[in-house]
Number of protein chains: 2
Amino acid sequence: MSGPTPVGADLHLADIDPSSTPGITKGRHEAARKRAYHGAELADLQERLYAAGMEGGKRSLLLVLQAMDTAGKGGIVRHVVGNMDPQGVHLHAFKAPTDEEQAHDFLWRIRAQLPAPGMVGVFDRSHYEDVLIARVHGLVPSEVIEQRYGQIAAFERELVASGTTIVKVMLHLSRDEQKDRLARRLDRRDKQWKYNPTDVDERARWDEYMAAYERAIRRTTEPSAPWFVVPADHKWYSRWAVQTIVIDALRGIDPQWPKVGYDIEEQKARLAAT
Amino acid sequence: MSGPTPVGADLHLADIDPSSTPGITKGRHEAARKRAYHGAELADLQERLYAAGMEGGKRSLLLVLQAMDTAGKGGIVRHVVGNMDPQGVHLHAFKAPTDEEQAHDFLWRIRAQLPAPGMVGVFDRSHYEDVLIARVHGLVPSEVIEQRYGQIAAFERELVASGTTIVKVMLHLSRDEQKDRLARRLDRRDKQWKYNPTDVDERARWDEYMAAYERAIRRTTEPSAPWFVVPADHKWYSRWAVQTIVIDALRGIDPQWPKVGYDIEEQKARLAAT
């Protein structure tokens, strides 16, 4: 499985075509087939990670999902995260910070949602909002944004040192595809609730967002906490790509069924006597 | 769909055969086919509930799962809960209470995990442990257990009044089937981590547990917060039965796509101009 590769500090977002499908040459059926084929491996790796965590293992995985509206974070959660055992997944969607959250350092609410040992944590939006929307809307001075890049990198190094593997994914959508998807939301009774008038306001700042993403990714992509820019105009592609990234990360952890702390033969005898 | 029916205050657990399959006459394939057939309805109902919650709706669902070890709670979570959108599910596994939790009233930690509006909450074990293991092990005086039945009933009435539909499921396993399942755990490298030597200690108190379950269920089954006793010797059966219970509960809520707070035509025009 040759999966997506991380981007470097020389990233030019404009060079990545949101409608491209690197690694998949034969279209949606190839992607769906590959995704189904590796689904069992994903479930197995995740269960091993969880089992190891239950028996004292310290490893965990954190998947950070960032994207413009309609890019498909929800579908990733449903179709990729949904293939894992819910007991071993800690999903959190970060909304606009509450007053209490704003009274704290921006990483305070993030720390509260970190995955415990054995868990796969999934962040639907994350601390990166504090250098994305915060930059585009000028919510804090630019010097503060600059400081935050360093704070985020230090925070992530700390997590890695404590046993968390981090993978960060930007779902990379085109401006035109977003327009089509927003239009479809407005057309469908069962999708209208997903639309918010502010979506168009944010859309109007597209280029500023792309610049903020590019800068944030350049400043925080590291071998130990890599960023992946996943073309997202085709949902079948991005789902395969993110599943592949997650599987690769779990393979890197290589979780093993834990040794147990009891004597197996002794327990078999005890059980037989009941 | 004629699903499982709630039990009454005259429940005799011994009258319910754990290997029976009421509602399924043709075996595992019928159950699997029915479960697959209704999977899309489950997903649709749950998304409607979530959508309504996002737009101010007050309804939620709480599924309480209780059972002896190996009865299949984990499989229910993976196969039934796993069919729903992870974003709309709040799953919590209650373990032995921490010191902090024990310093509070027994319902304190339960309240902290209640589903928000729009959410499906799933409790893997629950406040019922405080009248089950607490009774069997004599952790609190029997007068306190008696009081707790009433406190639980009042607590659940309060939740129902605030918009939460509650369904409570006891997975009803036979003592013999548990023995087989524990033996299999001990035999398999990938299952040994799920075995705990205390499982045999608890097993030795089987009859006391059954008496505690029967008493707890009799005292807390109400039309507004019903208990279902689901035969669990066949996993294919219990998964179908619990899915059916959840679907019936969601049908009872009958969640509707919410009316949105913006003018659709106006937004279409704004979007078109971008």
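Here is a short chat about a predicted model with two chains, A and B.

Visitor: By what turn can chain A be laid on chain B?
Guide: Two copies of a chain are related by a rotation about an axis and a shift along it. Here the shift along the axis is 0.0 Å and the RMSD is 0.0 Å. That is how a two-fold axis relates things. The turn is 180°.

Visitor: Do the copies meet through the same surface or through different ones, and what share of the interface residues of chain A tells us?
Guide: Take the interface residues of chain A and look for them in the interface of chain B. They turn up there too, so the copies meet through the same surface. The share is 100%.

Visitor: How far does helix α6 of chain A reach?
Guide: This helix runs over residues 142–161, which makes 20 residues. At 1.5 Å a residue, you'd expect 28 Å. From first C-alpha to last, the reach is close to that: 29 Å.

Visitor: Which residue with a positive phi follows α6(A)?
Guide: Helix α6 covers residues 142–161 of chain A. After the helix comes a residue whose phi is near 110°, and that's Gly163(A).

Visitor: Which helix gives the largest share of the lining of the largest cavity?
Guide: Rolling a probe the size of a water molecule over the atoms shows where empty space is left. The largest cavity has a volume of about 30 Å³, and its lining includes Ala153(A), Glu156(A) and Arg157(A). The largest share of that lining, 3 residues, comes from α6(A).

Visitor: And which helix gives the largest share of the lining of the second largest pocket?
Guide: This pocket has a volume of about 270 Å³ and is lined by 13 residues, with Arg78(A), His79(A) and Ala43(B) among those nearest its centre. Both α2 of chain A and α1 of chain B supply at least two lining residues. The largest share, 4 residues, comes from α1(B).

Technical notes
Residues are numbered from 1 along each chain as its sequence is written. Chains are lettered from A and ligands numbered from 1 in the order in which they are written. This is a predicted model: local features need pLDDT of at least 70, side-chain atom pairs count only at pLDDT 80 or more; totals for chains, interfaces and linings use all residues. Side-chain values use heavy atoms; hydrogens and water are left out. Copies are superposed by least squares on the C-alpha atoms of residues with pLDDT of at least 70 in both. Contact means heavy atoms within 4.5 Å. The expected span of a helix is 1.5 Å times one less than its number of residues. On a 1 Å grid over the protein atoms alone, a cavity is a set of points where a 1.4 Å probe fits but cannot get out, and a pocket is an open set with protein on both sides within 12 Å along at least five of seven lines; lining residues have an atom within 4 Å of a point. Grid points are joined across faces, edges and corners, and a volume is the space filled by probe spheres set on the points.
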